[in-house]
Amino acid sequence: MSLFWIVIRQLAEIEAMATSKKVITKEEWEKKLKDVKIRKEDMNKLVMNFLVTEGYVDAAEKFRLESGTEPDIDLATITDRMAVKKAVQSGNVEDAIEKVNDLNPEQSFLEELEKTVALLAFEDVSNCPVGELLDISQRLKTASEVNAAILTSQSHEKDPKLPSLLKMLIWAQNQLDEKAAYPRINDLSTAKLEDPAV
Amino acid sequence: MTNNNSGSKNEEEVGSYFLEVARGAHKKKEEEMEEDTEDEECPTELNTINSSGGFLVVSTDKISVKYPSVNLHGHDVGVVQANKPAPVKRLVYYFEIYVKDSGAKGQIAIGFTPDNFKMRRQPGWEPHSCGYHGDDGMLYRGQGKGEAFGPTYTANDIVGAGINYASHEFFFTKNGAVVGTVYNDVKGSLFPTIAVHSQNEEVHVNFGQKPFAFDLEDFEKQERMKQQMTVEKISLPPNVSHGIVRSYLLHYGYEDTLNSFDMASKTTVPPVHIAQENGFDEQDIMYALNERKTLRQLIKNGEIDAALGKLHDWYPQIVQDDKSATCFLLHCQKFIELVRVGALEEAVKYGRIQLAKFFGLAGFEDFVQDCVALLAYEQPRESSVGYLLEDSQREVVADAVNAMILSMNPNLKDSHGCLQSCLERLLRQLTACCLERRSLNGDQGEAFYLHRVLNIGKKC
């Protein structure tokens, strides 16, 4: 190892001692990464879960064929749900209510859903006490809520797991920062390992 | 500049990486369950060797105690610990006692004590221990004087004691309800401990061999949700999940899915735009998308000959060296496919030609022996080498070929990028960070295991 790197390492250790943090070199860290067992089929499940909860029906079907991963819910139910979502997003109130009826969730839930969707029925802003509902962003929000509500009524998780895992990664790194200096991933989209801060 | 030299070095690296994965599958079968909850020992009964001798009587089944005589002072407590310390590599540890008889004075205690505890004193009366006492409902943690804590308890009560590794707390329950918590700053292993101190007291202990009065599963669920809520508050860059899924599809060559995904993304409201600035470098992974997809399909269908044919046409350099790890994996898979359809004679012939050369070669030997062992069984699927017949094995070969092709990309910037998708690297980092954090925390608490997270809710 060149003198340069020896000095760098010692500087890191001195700083770590000052803050009593454990120093983990890139080499040591890469060995720990290598020891982790990640199954391909689990990653496939994670991707399928994303496609399904976000409503990418065709893509989910293709992924099932190309990867052999079974979706954890019936793909047909996604199509119906996406139809409702699109109708709400476009402001087609009657259409949305009709499609919700087709889905046939339990009675009490149905009322809630219809109420939510019916709020879009107020075309005339001056008449509508909550005129902001007409706003595109509100429609998107409502559509999202309707999507989630349907998923819940069908006893499925409404959120894909992947974003939670990404948040967990950020959290885990922040937690570990308190006790150690180690190679971090700062850019989730590239997953590039940065050298431990000196 | 041709990358011939670095090319073959890349090939070796890629080939041996996936050979490791294939060999790892054998060991994986043996550790099907999550790694750590299995290797830590748990208390199962009371320790009769170091208990306070003549002061108490432990039953022959080692799960109950009696205090037979009359107590005279504060140093004749009948204390007994569990046979093992509380395991730490989990969210919570918990156990319960049932007070069969509160005897003369109901001076019963439940708590945790260290290895070298003075076994004639109530838990909590000595440093580094804690105890919840039935006669006064107080909590003792290291001093003679206790603090007001919860209700008293007596005959027919079920009292529990637990360690919450997430919140670093001791907690105690009475008849199924938590009565209080207290901070746990004790370092080192702790033994579940019970104590009796007046005549005729009798206590039975439950280390989980029977259902608890307390809903431990629900408690754990609540704890996990607390952490989950903190994590959910973190914000992510926009569309980052979308981009990671897209790069996953590109990396492994799931072309049809990718096209479908891209098309649908254009029509979502609002449409998802992946800009180059986000860091997704298409140059590297768009490479040879159609060829990779074709080869994956062939291998996943077990059509190894066809796959080898295509490779000869498109990437002869990959199948040039018959002794390379990639060729090895392909030949082994062909052998496995022959066994699968029962063409055993053909399999033997093929094995003699293509696999025999790997016997005695370090790194290949154990895997090729497993393959050949398939011939020995009438029901190979049910044997210890049955894992070779699973789809996951085809997947490894498909991934290996995929990575080899990616490594052929003349514009390749990062040779390691061929081996693992972005998603895989993120998941490894997450797992390693959680494990390291736990290790720096006295190994206490739960780590992250993708397999468990994905299968929550699938338990019966």
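Colleague: What makes the pair Lys167(A) and Glu232(B) a salt bridge?

Modeller: The closest N and O atoms of Lys167(A) and Glu232(B) are 3.4 Å apart. A salt bridge requires a side-chain nitrogen of Lys or Arg within 4 Å of a carboxyl oxygen of Asp or Glu, so the pair Lys167(A) and Glu232(B) qualifies. The count between chain A and chain B is 5 salt bridges. This is a predicted model, in which local features need pLDDT of at least 70, side-chain atom pairs count only at pLDDT 80 or more, and totals for chains, interfaces and linings use all residues. Residues are numbered from 1 along each chain as its sequence is written, chains are lettered from A in the order in which they are written, and side-chain values use heavy atoms, without hydrogens and water.

Colleague: What is the area buried between chain A and chain B?

Modeller: About 5,900 Å² is buried, and carbon and sulfur atoms give 67% of this area. Buried area is the accessible area (1.4 Å probe) that two parts lose on being put together, summed over both. Glu66(A), Lys167(A) and Trp171(A) supply 13% of the area that chain A buries against chain B, more than any other three residues.

Colleague: What makes E3(B) and E12(B) a pair?

Modeller: Pairing requires that DSSP finds at least two bridges between two strands; E3(B) and E12(B) have 4, in the antiparallel sense, and therefore count as paired.

Technical notes:
Helix = DSSP H or I, 4+ residues; strand = E, 2+ residues; numbered from the N terminus.
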